[in-house]
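Dear colleague,

Please find below the structure that I am handing over to you. My notes on it follow directly after.

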Amino acid sequence: MRRPFIAGNWKMHKTVSQAVALVDELIELVGGDQGVEVVVAPPFTALYPVAQRLKGSNLKLSAQDCFWEEEGAYTGEISPPMLADVGCAYCIVGHSERRHVFGEGSDEVARKARALLAHGVSPIVCVGETLDEREEGRTIKVVGSQLQGSLEGLSQKDMVKVVIAYEPVWAIGTGRTATPYQAQDMHAFIRGWLGDSFGGGVASSTPILYGGSVKPDNIRGLMAMDDIDGALVGGASLKASSFAQIIEGGKG
Ligand code: PGA
């Protein structure tokens, strides 16, 4: 049985004091065992103070991105061992904003995923098609090739620690959610792809999250689908009350 998994991606929001205030409110509301894996992904500057607050709670910490080298002359970058040291259990890689705003390719996503795994940090690997790609009927091809490229070089053993997030680009921050059926179709495809590539054990145990305008009023419909195990939430994770309601809805 896969445990429900709800992650909040704060993107480039929250100063340190705002981040600490938000996480304190969240701990108050959902800090105990919810029967759900609850993860918050603050910006880099807030990781350390948020990690201090999370101690003793059931909430887990994630970064939003990383570089694949361990250390060196890479101005502006943050490495997997630095994230492990600050207390990150997870790190998002290949988010559509990284792919589309910063031009990242799946080969880079895979390098990041491998480097994170080498340091005990679980990658949350994001895939998803644009509106044009969907309208041209290329969704399966695009997502299949993103999976292939982004998980390149990972072993069956590595996959035990990997989380996949399906985030159709046209649904991110637009208020336009995929219907539960549209999302389920893609989640079933992804699970099938995982089975073909890594075996049935990996396919049945890997959490596959949906992301794209998830809100308190649509989480239950999404979670009712067989292959949707949780959500990667952007905008609605920036307020404790709405994120807590999504966690509640995530319990199914
Ligand atoms: P959104 O973002 O919930 O604001 O659409 C989701 C995401 O980008 O992870």
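I begin with the ligand: one of its oxygen atoms lies 2.8 Å from a backbone N or O atom of Gly234. Please bear in mind that this is a predicted model. On its own the ligand has 280 Å² of accessible area, and the protein covers 95% of it.

Side chains also take part. An N or O atom in the side chain of Lys11 is 2.7 Å from an oxygen atom of the ligand. For Glu167, a polar side-chain atom is found 2.7 Å from a ligand oxygen.

Which residues come nearest to the ligand? There are 13 residues around it, and those that come nearest are Lys11, His95, Glu167, Gly173 and Ser213. Sorted by class, this shell consists of seven polar, four nonpolar and two charged residues.

Two of these residues deserve a remark on their backbone. Lys11 belongs to the loop between β1 (5-9) and α1 (16-30). Its phi is near 50°, which is a positive value in a residue other than glycine. Ser213 is placed in the loop between β7 and α11 (219-223). The phi of Ser213 is also positive, near 55°, and this residue, too, is not a glycine.

As to the overall fold, eight strands form a closed barrel with parallel pairing, in the order β1-β2-β3-β4-β5-β6-β7-β8. From one strand to the next, the twist averages 25°. In general, the strands of a sheet pair through backbone hydrogen bonds, in either a parallel or an antiparallel manner.

Strands β7 (residues 208-211) and β8 (residues 230-233) run parallel and are joined by three bridges. Within this pair, Leu209 stands opposite Gly230 of β8.

Helix α9 (residues 180-198) touches β5 (122-127), β6 (163-166) and β7. The direction of α9 makes about 150° with that of β7. Helix α2 (residues 44-54) likewise packs on the sheet, where it touches β2 (37-41), β3 (60-63) and β4 (88-93). Between the direction of α2 and that of β3 the angle is about 170°.

With kind regards

Definitions and conventions. Residues are numbered from 1 along each chain as its sequence is written. This is a predicted model: local features need pLDDT of at least 70, side-chain atom pairs count only at pLDDT 80 or more; totals for chains, interfaces and linings use all residues. Side-chain values use heavy atoms; hydrogens and water are left out. Two strands pair if DSSP finds at least two bridges between them. Helices (H or I, at least four residues) and strands (E, at least two) are DSSP runs, numbered from the N terminus. Axes are lines fitted to C-alpha atoms, for helices over the stretch in contact, and angles run from 0 to 180 degrees between N-to-C directions. Contact means heavy atoms within 4.5 Å. A residue is near a molecule or strand if one of its heavy atoms lies within 4 Å of it. A polar contact is a pair of N or O atoms within 3.5 Å; within protein, one must be able to donate a hydrogen and the other to accept it, and residues adjacent in sequence count only if both atoms are side-chain atoms. Accessible areas come from the Shrake-Rupley method with a 1.4 Å probe; for residues, only the protein chains shown count as cover. Ala, Val, Leu, Ile, Met, Phe, Trp, Tyr, Cys and Pro count as nonpolar, Asp, Glu, Lys and Arg as charged, and the others, Gly among them, as polar.
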